[in-house]
Amino acid sequence: MIVQTQYITFDRQLRLQSGATLRPITLAYETYGTLNEDRSNAILVCHALSGDAHVAGQHSPDDRKPGWWDEAVGPGKAFDTDRYFVICSNVIGGCSGSTGPSSINPETGKPYGLAFPVVTVADMVEVQGWLVEALGIPSLLSVTGGSMGGMQAVQWTVSFPERVRSAIVLASTARTSAQSIALNEVPRQAIYADPNWNQGDYYGTEPPNAGLAVARMIGHITYLSETSMREKFGRRLQERERYGYDFATDFQVESYLKYHGNRFTARFDANSFLYITKAIDYFDLSLGRADLAEAFTGVQAKFLVLSYSSDWLFPPEQSEELVRALLRNGIDATYLEIQSDYGHDAFLLEVERLGELARDFLARVERENTHHASATGGSAPDKEREERASPLASWKARWRAALSLAESRRQETA
Amino acid sequence: MSLSRPDLEVIVRMVPEGARVLDLGCGDGALLAELVARRGALGRGVEVDEANVRACVAKGLPVRHGNIEEGLADFPDGMFDLVVLSQTLAYLNRPLPVLQEMVRVGRSAIISFENAGHWKARWRAMVGDGGGTTLASGQPRVRSITLPQFREALQQLGLRVEESVLLCGRRRVASWPSLRSEVAVVRVTRV
C-alpha cells in the first residue's frame with residue numbers, strides 16, 4: 001500500500017486552552033481507503049507521543065519500514081481500509097509536518113523554539129476537527145488510538161459529541177496520573193540538562209541529542225514490562241563472553257536502550273518531545289468539573305475501552321476509572337483487560353485480539369447508525385426507518401430518561 | 001431458538017418486553033443475546049473471563065470485563081429494571097454484598113441457583129460423598145445453597161420474593177420443593 005503525506009494549512013486563529021493563540025496551522029495527514037457516498041465510514045486514528053501521520057503502508061516501494069501501526073491498519077486488518085476511510089494526522093506541537101516548535105514563527109521568520117505556545121490534547125483535537133470538516137466528513141464512524149492517541153479519542157467524544165459515533169480507546173486514561181507525569185518529567189530534565197538544548201534555541205546548531213536519547217531510553221523502559229524485558233534480554237551479555245568490569249556496554253538491555261535512544265534523535269525534535277509530554281501531563285477531563293463522570297454528560301459515542309494486564313504506564317485501573325465515568329452516564333461502553341506480557345507496547349502488538357474486537361464493535365456501531373442520521377440532519381422518514389431498523393434508537397432515549405430520573409431522585413434525597 | 005439451561009428459559013420469560021437488564025457473570029452472552037432478540041431488552045453484562053467478553057462483543061453486546069464482587073460500583077442506582085445472577089451465587093466469596101448491590105442498581109433482581117437440598121444431594125452427603133463438588137474433581141469452591149438458606153439470606157437483607165419458579169428438569173415443582181427442585185429461579189426486590 002503506497003501512500004503520500006498530505007498537508008493542509010488553516011489560515012485561521014486557534015485559541016488554545018491556555019488562552020494563547022496560534023496561526024497559521026499546518027497539519028500533515030494521510031488517508032487510506034475510500035470515503036463512501038454518504039461519508040459515514042471515516043475512522044480517525046490518533047497517534048501517541050512519538051508517532052506521526054504515517055500510520056500504515058509505505059511512502060515508496062523501497063521504504064524499509066511501513067507506518068507505525070501497519071499491523072492494524074490496512075486491507076483486511078483491524079481497521080480495514082477496504083471498508084473504512086482511515087485518516088491519521090500529526091498532532092500540533094509535533095515535528096513530522098504539523099505546526100510545532102520547529103516550525104517557522106511568522107512573526108520572527110525563525111523557528112519558534114520555546115516561543116511556541118504550550119498546547120493540550122484538547123487543542124490537538126480541535127485542529128483535527130478542522131481537518132475532518134475540511135475533508136467533508138460530518139461525523140466519524142470512530143476515533144481510535146492508544147496512550148496519548150487514546151486521550152485524543154476520549155477528548156473527541158467530549159469536544160465533538162455530535163461528530164463522533166464511537167471511540168476505541170487503548171491503554172489510555174481520562175486523566176494522567178502522578179506516575180505518568182513523573183515519567184515525563186525525568187525525560188524532560190534529561191533534555192534541559194543537555195547544554196545543546198540552550199533553552200530550546202538550537203535550530204541550525206547541534207541539537208540536544210544526548211538529552212533526547214536519554215529521554216527516549218526512559219520511554220522505552222516504560223513501554224515494556226518486567227516480564228517482556230526478562231524474556232527479551234534476561235541477563236544476556238552483548239557481544240562479549242564475560243563481564244567487562246568497565247563502563248562499556250555489558251548487557252543486551254543496555255545495547256537495546258542505546259540503539260533506540262540514538263535512533264530516535266534522527267527523527268524527532270527535542271522541543272516537540274517537551275511540548276507533547278507537557279500536553280499529556282495536562283490531560284485531565286475532570287478539570288473544572290465536580291468529578292470525572294460529569295465530563296461525559298451528553299456524550300453520545302459508544303466506547304470500546306481496552307487495557308493490557310502488564311501495562312504499568314497506563315495500568316488497567318486507569319481505564320477502569322474511565323469506564324466507571326462512562327457507565328455512570330449510561331454510555332454504551334465495553335471494557336476489556338487483555339492478558340498480555342508486552343506492557344504498554346501491547347496496544348501496538350496485540351493486534352489479533354484487537355482486530356477481532358474492533359471488527360465486531362465497529363459492525364455494531366454501523367448497524368446502530370442512529371446518531372449518524374441525526375448528525376447529518378436526515379429527513380423525518382429517514383429517521384423513522386432508522387428507528388425501525390434499530391430499536392436501540394428509542395432505547396437510548398428511554399435509557400437517558402431513566403438516568404435523569406435516577407439523578408433527580410438522588411438530588412431529592414441529598 | 002431456546003436456551004439449553006432450563007433456568008435461563010425461565011429467566012427470559014420473567015423479563016418484561018423492553019426491560020433494561022444487567023446480567024452478572026454473563027458468560028459468552030447467550031442469555032443477554034436471547035433477551036435482546038426475544039424481549040427487545042437493552043442488555044448489559046459484567047463478565048470476568050476475557051475470552052467470554054470477546055464472545056459477547058462478537059454478539060454485539062456491551063460488556064464490562066471485571067469481577068462482579070467489585071464491578072457493580074460502576075453503575076448508578078436504579079439504572080436497570082432487572083439484574084440477573086444465574087447460577088453464579090454459589091461461586092461468590094461474599095454473596096450478600098452482591099445481592100445488595102443488585103437491588104441497588106436494579107429495581108428487581110433475578111437469581112437462579114442449584115438447590116443443594118435436592119434429595120440426590122442429600123443422599124450423596126448421607127452416603128459420605130459430602131456436599132458440593134468433590135476434592136478430586138478439581139472444580140472451584142462452591143457454596144451449597146438450600147432453599148431455606150436462601151430465604152434466610154433474603155430476610156436478613158430485607159428482600160422480598162416477587163416470583164419464584166422451582167424446577168426439576170424443565171418441569172415446575174409444586175410439592176416438596178425443598179427436596180424435589182434441582183434449580184430455583186427467584187425474582188426479588190427491596191421490601
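**Chains and a helix**

Trainee: What share of the 414 residues in chain A is buried?
Mentor: Keep in mind that this is a predicted model. A residue is buried if 20 or more other C-beta atoms lie within 10 Å of its own. Of the 414 residues in chain A, the buried share is 49%.

Trainee: How many helices and strands does chain B have?
Mentor: Take chain B by its secondary structure. The tally is eight helices and eight strands.

Trainee: Why is chain B called as compact as a globular protein of its length?
Mentor: The globule rule gives 16 Å for 191 residues. The radius of gyration of chain B is close to that, so chain B is as compact as a globular protein of that length. The radius itself is 16 Å.

Trainee: What length does helix α3 of chain A reach?
Mentor: Helix α3 covers residues 178-192 of chain A, 15 residues. At 1.5 Å a residue, 21 Å is expected. From first C-alpha to last, the helix comes close to that, at 20 Å.

Trainee: Where do the buried residues of α3(A) sit around the axis?
Mentor: These residues are A:S180, A:N184, A:P187, A:A190 and A:I191. They cover an arc of only 115 degrees around the axis, which puts them on the same side of α3(A).

Trainee: Which residues are exposed on the other side of α3(A)?
Mentor: The buried side is covered by elements including α4 (209-223) and α7 (270-282) of chain A. Across the helix, the exposed residues are A:A178, A:A182 and A:V186.

Definitions and conventions. Residues numbered from 1 in each chain as written. Chains lettered and ligands numbered in written order. Predicted model: local features only at pLDDT ≥ 70, side-chain atom pairs only at ≥ 80, totals over all residues. Buried ≥ 20, exposed ≤ 12 C-beta atoms within 10 Å, placed from the backbone. Helix = DSSP H or I, 4+ residues; strand = E, 2+ residues; numbered from the N terminus. Rg over C-alpha atoms; globule rule 2.2 N^0.38 Å. Expected span 1.5 Å × (residues − 1). Arc of directions from axis to C-beta. Contact = placed C-beta atoms within 7 Å.
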